[in-house]
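Here is a short briefing on a two-chain model. Have the sequence and the 3D view open as you read.

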Amino acid sequence: MSRLRMLASRIAGMFADKQAADASLREELAAHLEMEIAENVRRGIAPAEARRMALAASGGFTGAVESVRDQRGLPILESVAADVRFAARTLRRSPAYTLVSVATLAVGIGATTAIFSVVSGVLLQPLPYPNADRLMSLTSMFNGSPMAVSAPDFDDWRRTARSFSGVSAGFTTTTVLTGSGDATQLDQARVSANAFDVLGIHPVIGRAFVVGEDEIAAPRVAIISERMWRTRFGADSSIVGRAIILDGFPTTVVGVAPSAMRWPERVDVWLTTRFTEKDLSQASRGSRYLTVVARLNSRSTPSSANDDIKSLAKHSESVDPRHNKNVGARVDPLLSSMVDDVRAPLFVLLGAVGFVLLIACANVGSLALGRLGARESELAMRTALGASRSRIARQMLTESLIVALVGGLLGLVLANFATKALIAIAPSDLPRLSDVRIDVSVVAFGFLATLLTALLFGVAPALYGGTGDLRARLVSARGSIGRRSAARSRQALVVTEIALAIVLLAGAGLLLRTIAQLRGVDPGFRAKDVYTFSIGQLPHRYATHEQEIELTTAMLDRLRHVPGVSAADVSFSLPLDAGGPQFTFKIQGRPDGSGLSEPRAQARSAGITYFATMGIPLIRGRLFTDADRGGVPGSGVILISADLAKRYFPNEDPIGKTIETGWGGPGWPGQKFGGTIVGIVGDVRQRALDGGQLPHMYMPYAQWPIDEYSVVIRSSAGADRTFSAARSILRDLDRDIAMSDARSMTEIVDASMGRRHFYLVLLSAFAVVALLLATIGVYGVMAYGVEQRRQEIGVRLTLGSTRQRVLMMVLGDGLRLSIVGVAIGLVAAFGLTRLLSGLLYGVVPTDLTTFTIVPAILFAAAVFASLIPASRAAAVDPVEAIRS
Amino acid sequence: MATIQQGTLALMILTTLEGLGPLHGYGIARRIEETSKNRLVLNYGTLYPALLKLEQAGFIKAEWSVSENNRRAKFYALTAAGRRQLAREKKEWNETADLLASFLSLRPEGT
């Protein structure tokens with residue numbers, strides 16, 4: 001208590017009127033002295049002697065006043081305050097230096113903090129569930145790669161695994177909401193009844209699912225997302241208990257899920273899984289479409305749970321080798337299962353932006369060192385007046401700290417905007433984007449980065465500020481030892497900048513080449529001028545396949561008459577679009593395969609003109625014709641992709657062979673499909689432009705109608721007019737049909753490169769900033785060097801050197817400086833670009849083209865940066881230079 | 001001449017003020033010197049920072065007034081907090097002194 005009080009009064013003492021306090025003290029001391037003299041006199045001592053004795057005993061006024069002064073305030077703080085005031089004054093006197101430094105640091109700190117906010121939100125922050133670290137993702141494994149889980153496997157795990165307090169499964173589909181305004185396609189998840197409990201999520205209003213609601217006979221219930229609740233239902237709490245129409249079925253809303261409920265991500269409505277007996281039977285081991293999340297119980301660790309699940313997988317392999325051969329299982333923390341494939345790239349980006357910050361530090365440090373030259377006489381004067389080396393170092397550091405703090409503050413403001421921009425340009429499949437925000441940890445990071453920055457660029461000036469021979473400095477500011485080594489340090493800083501810039505340019509160059517390579521990949525179709533949208537599940541009034549076909553034919557007919565439209569047709573799922581389900585199939589006359597070794601293909605229902613519309617070429621045989629309609633399932637015609645032909649008919653002609661699929665797909669429960677192969681068409685890229693080429697089989701839509709499909713339109717009318725025409729045609733036909741995912745094929749192609757594109761944009765931005773800063777750095781050092789060597793240049797010119805030779809000399813110096821940086825940078829880049837290898841396609845991390853162009857760019861930049869100083873050197877007036 | 005520890009000087013000042021009531025700096029110095037039989041001599045640089053410190057801690061308060069021989073002087077007086085602090089410190093010192101005394105009075109065994 002008394003200590004606090006003391007501190008408070010000492011802080012108050014710092015701001016009190018010091019002169020008044022001193023005067024009062026002096027009066028008090030004088031009174032003391034007078035009383036002592038009077039006492040001495042009273043004891044019979046002569047007045048002069050009495051005064052002398054009293055003075056001797058006092059120990060001196062000045063010392064006492066100083067000691068009391070120190071006690072009055074907080075001397076350390078006061079000298080810091082003085083430093084700050086002085087530094088601020090000094091910085092105001094050189095506004096150009098201050099402005100450039102603050103701006104450079106603001107950009108560096110702002111960019112770094114913004115990237116950190118993404119890294120923090122996506123990778124570091126726990127998921128928004130209670131005890132989120134106990135949540136695990138369970139996946140099946142085949143040949144070391146993860147697979148979705150089948151319903152029977154999930155059922156086994158749920159019943160027999162001992163490591164979890166709850167195991168929950170789910171999958172995402174779409175659903176069509178009707179009954180209020182235009183039909184809308186929604187992203188729907190079907191989850192186990194315990195999903196909300198396993199995650200620990202409580203609905204905003206209403207309730208979670210209860211046990212038994214995922215039974216096949218339970219009434220249909222749904223939980224809607226908070227976003228849906230607010231946008232579609234106006235946050236009306238009476239929604240709970242009301243029925244909405246999903247896919248034509250009345251479904252009772254029982255609750256509203258908070259925005260924290262993100263399993264699975266981007267879902268509008270949750271329904272329950274309703275596994276039939278058949279879904280859970282052995283026959284369904286091969287259909288894998290579930291993701292599984294589980295909460296560890298208190299007795300288990302992730303690794304013990306992993307062993308648990310592995311042994312279960314071993315067991316089912318031994319019991320049912322036909323379906324489970326080589327199928328393992330794995331437990332991973334839920335968070336890492338979500339973000340594993342963005343972890344490395346995001347850390348690479350953080351590293352890259354860290355390089356930008358380092359370059360910014362080097363630049364500001366170099367500026368500060370250069371400024372030492374101009375302050376030589378000031379520093380010498382202060383040293384002469386008794387400032388110690390450490391006192392001057394402290395002063396220098398204070399200046400750096402102020403510059404860094406102002407830069408850091410501006411940087412945080414910048415980071416705020418930059419983070420918003422990042423979220424806006426990030427590809428939508430980047431996980432956890434909604435968790436990215438500027439929070440306490442991000443601000444703390446920014447502050448830490450600021451302090452580190454101040455240390456990094458402030459240390460060199462602090463070291464050199466107090467060195468050097470005082471006499472030499474006072475006599476002539478030129479050529480002192482401190483200054484020479486300061487100049488050498490500046491060169492070292494610039495070399496570092498160039499090296500770092502090389503690394504960033506190399507990384508950006510490699511990604512740029514990757515995107516170019518991907519653009520060169522033939523996707524198997526012609527994307528230009530093709531537009532697509534999808535039709536969510538058709539209303540129940542189109543119950544028969546004939547009715548479906550009739551509707552589709554009417555729609556296509558009208559679409560083909562829209563001005564500009566040259567072709568239009570339907571297909572079940574599109575190329576480069578996540579990929580539809582895989583079908584196993586049998587080739588007639590061959591023995592059955594087993595388990596995962598069964599032939600598999602993407603099966604598509606496609607209209608007759610689909611191939612012409614998409615620009616997929618026919619390789620051999622024939623395409624579908626009008627005659628390919630009707631018939632019984634299993635006896636139609638089939639087109640296969642070149643890849644399927646090569647894979648499953650390596651030594652024979654597939655045309656004329658008959659194949660049969662294992663199931664009928666959505667809308668054909670209990671059916672199998674198949675037919676005679678009549679032709680081979682070109683391959684399309686299904687998952688991504690790099691790889692993702694899967695065997696395909698196509699069946700005519702007229703033989704295999706499906707109730708949700710994509711419409712593809714080749715049109716020269718542009719996106720807006722094509723889609724608005726399509727929208728009005730649909731509304732005209734039936735307003736309960738939902739049109740969604742209206743996109744051009746070009747957009748789909750671009751989106752397939754979305755993440756790489758995002759990384760490329762950022763890395764290129766960093767590389768450009770780095771190049772710019774490094775160029776400024778080279779310019780600064782060269783300009784300073786020329787200024788220093790004016791006399792020498794003058795002598796050279798007098799002794800017969802030509803101006804051209806002086807010009808070449810300075811340019812040569814600049815080039816020499818950059819050669820060192822480029823060499824170091826190339827070595828570093830050689831080692832570091834390996835980190836990018838997961839993102840590259842068609843180029844090796846040590847790509848020769850990149851590693852040739854990048855140094856060339858930097859040499860060009862260095863020469864460019866040296867040009868002005870060089871021409872200034874060549875223009876030196878020898879007479880004037882020697883005299884000065 | 002004995003050197004004074006910071007804490008002990010504070011205690012001496014507080015005791016002096018407790019015994020004599022409000023007193024100016026000179027009076028306090030005199031009194032401490034007398035009590036110590038001139039083994040302690042307080043110069044200004046020792047006394048006044050100590051007084052300020054006690055004042056900042058809230059143990060004493062200062063006020064300008066007129067001395068016995070009509071001189072303007074700053075008088076220091078004990079506050080309630082100061083009295084409590086003095087009692088506390090006295091107790092601690094007495095206990096310490098007691099403890100030390102019993103150790104110092106130990107005789108070597110066997111004599």
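The cover over the buried residues of H4(A) includes helix H1 (2-15) and helix H2 (18-42) of chain A, together with helix H3 (44-57) of chain B. Buried means that 20 or more other C-beta atoms lie within 10 Å of a residue's own; exposed means 12 or fewer, partly exposed in between, with C-beta atoms placed from the backbone. This is a predicted model: local features need pLDDT of at least 70, side-chain atom pairs count only at pLDDT 80 or more, and totals for chains, interfaces and linings use all residues. Residues are numbered from 1 along each chain as its sequence is written, while chains are lettered from A and ligands numbered from 1 in the order in which they are written.

**Helix H4 of chain A**
- H4(A) covers residues 61-72, twelve residues in total. Helices (H or I, at least four residues) and strands (E, at least two) are DSSP runs, numbered from the N terminus.
- From first C-alpha to last, H4(A) reaches 16 Å, close to the 16 Å expected at 1.5 Å a residue. The expected span is 1.5 Å times one less than the number of residues.
- Its buried residues are Ala64(A), Val68(A), Gln71(A) and Arg72(A).
- These residues cover an arc of only 105 degrees around the axis, so they sit on the same side of H4(A). The arc is that of the directions from the helix axis to the C-beta atoms.

**Where the chains meet**
- 20 residues of chain B are in contact with 24 residues of chain A. Contact means C-beta atoms, placed from the backbone, within 7 Å.
- On the side of chain B that touches chain A, helix H2 (25-35), H3 and strand S3 (72-78) of chain B each supply at least two residues.
- H3(B) gives the most to that side, with eight residues.

**Chain A overall**
- Chain A has 27 helices and 23 strands.
- Its radius of gyration is 38 Å, well over the 29 Å that the globule rule gives for 884 residues, so chain A is more spread out than a compact globule. The radius is taken over C-alpha atoms; the rule is 2.2 Å times the number of residues to the power 0.38.
- The C-alpha trace of chain A spans about 135 × 85 × 55 Å along its principal axes.
- Of the 884 residues of chain A, 44% count as buried.

**Strand S14 of chain A**
- Six of the seven residues of S14(A) (residues 565-571) are buried, so the strand is largely enclosed by the rest of the structure.

Notes. Contact = placed C-beta atoms within 7 Å.
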